[in-house]
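Let's take a walk through this fold, one piece at a time. Keep the viewer open and turn the model as you read.

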Amino acid sequence: MLVNHTRRLLNKAAESGDYQISIQRKPNASWPADHSRLTALESVGHLERVGHGDECAIWQITSAGLTQLHTFAAGGV
């Protein structure tokens, strides 16, 4: 089954109480694969980074991200 990571991550942010999504570094100090996916969503304006430290990174969904999520829901992509 093909996973649409964009839809999954935007949906996760939109469903949270504060419209944010965060990830933590792995014990070996590497970032999980979603870090690069979230950074890519930030680069196209669907997410905005609101916090980043040594152990955690936090993004908030933007209005463009919510629009993209609505497009997914309408079957546009």
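Which residue in β3 is the bridge partner of Gln24? It's Cys56. Before we go further, some ground rules: this is a predicted model, so local features need pLDDT of at least 70 and side-chain atom pairs count only at pLDDT 80 or more, while totals for chains, interfaces and linings use all residues. Residues are numbered from 1 along each chain as its sequence is written, and side-chain values use heavy atoms, with hydrogens and water left out.

Back to the sheet. Helices (H or I, at least four residues) and strands (E, at least two) are DSSP runs, numbered from the N terminus. Two strands pair if DSSP finds at least two bridges between them. On that basis there is an open sheet of three strands, ordered β1-β3-β2, with antiparallel pairing. The edge strands are β1 (20-24) and β2 (47-52), and each pairs on one side only. From one strand to the next, the twist averages 25 degrees.

Now take the pairings one by one. β1 and strand β3 (residues 56-61) run antiparallel to each other over five bridges. β2 and β3 also pair in the antiparallel sense, over five bridges, and here His52 has Ala57 of β3 as its bridge partner. As background, strands of a sheet pair through backbone hydrogen bonds, either parallel or antiparallel.

Next, look at what sits on the sheet. Helix α2 (residues 33-43) lies across β1, β2 and β3, running at about 125 degrees to β2. For that angle, axes are lines fitted to C-alpha atoms, for helices over the stretch in contact, and angles run from 0 to 180 degrees between N-to-C directions. Contact means heavy atoms within 4.5 Å.

Is Asp34 buried or exposed? Asp34 is buried, because its relative accessible area is 17% (buried means under 20% relative accessible area, exposed over 50%, partly exposed in between, with a 1.4 Å probe and protein chains only). Leaving aside neighbours within four places in sequence, Asp34 is in contact with Arg8, Leu9 and Ile23.

That brings us to the charged pairs. A salt bridge is a side-chain nitrogen of Lys or Arg within 4 Å of a carboxyl oxygen of Asp or Glu, and a search of the whole structure finds three salt bridges. One of them joins Asp34 to Arg8, with the closest N and O atoms 2.6 Å apart. This pair links distant parts of the chain, since Asp34 is in helix α2 and Arg8 is in helix α1 (residues 5-15), 26 residues apart. Arg8 is partly exposed, with a relative accessible area of 32%.

Asp34 has another salt-bridge partner in Arg37, where the closest N and O atoms are 2.9 Å apart. Arg37 and Asp34 both lie in helix α2, three residues apart, about one turn of the helix. At 30% relative accessibility, Arg37 counts as partly exposed. Elsewhere, Arg49 forms a salt bridge with Glu42, again with closest N and O atoms 2.9 Å apart. Arg49 is partly exposed at 27%, and Glu42 is partly exposed at 26%. Through shared partners, salt bridges join Arg8, Asp34 and Arg37 into one network.

Which of its residues are buried? They are Gly65, Gln68, Leu69 and Phe72. Seen down the axis of α3, these buried residues fall within an arc of 100 degrees, so they line one face of the helix; the arc is that of the directions from the helix axis to the C-beta atoms. What covers the buried residues includes α1 and β3. On the other side of α3, Ser63, His70 and Ala73 are exposed. Just after α3, Gly75 takes a positive phi of about 85 degrees.

One last stop is Pro27, in the loop between β1 and α2. Pro27 is exposed, with a relative accessible area of 90%. Pro27 and Glu55 are 28 residues apart in sequence and 9.6 Å apart in space, C-alpha to C-alpha.
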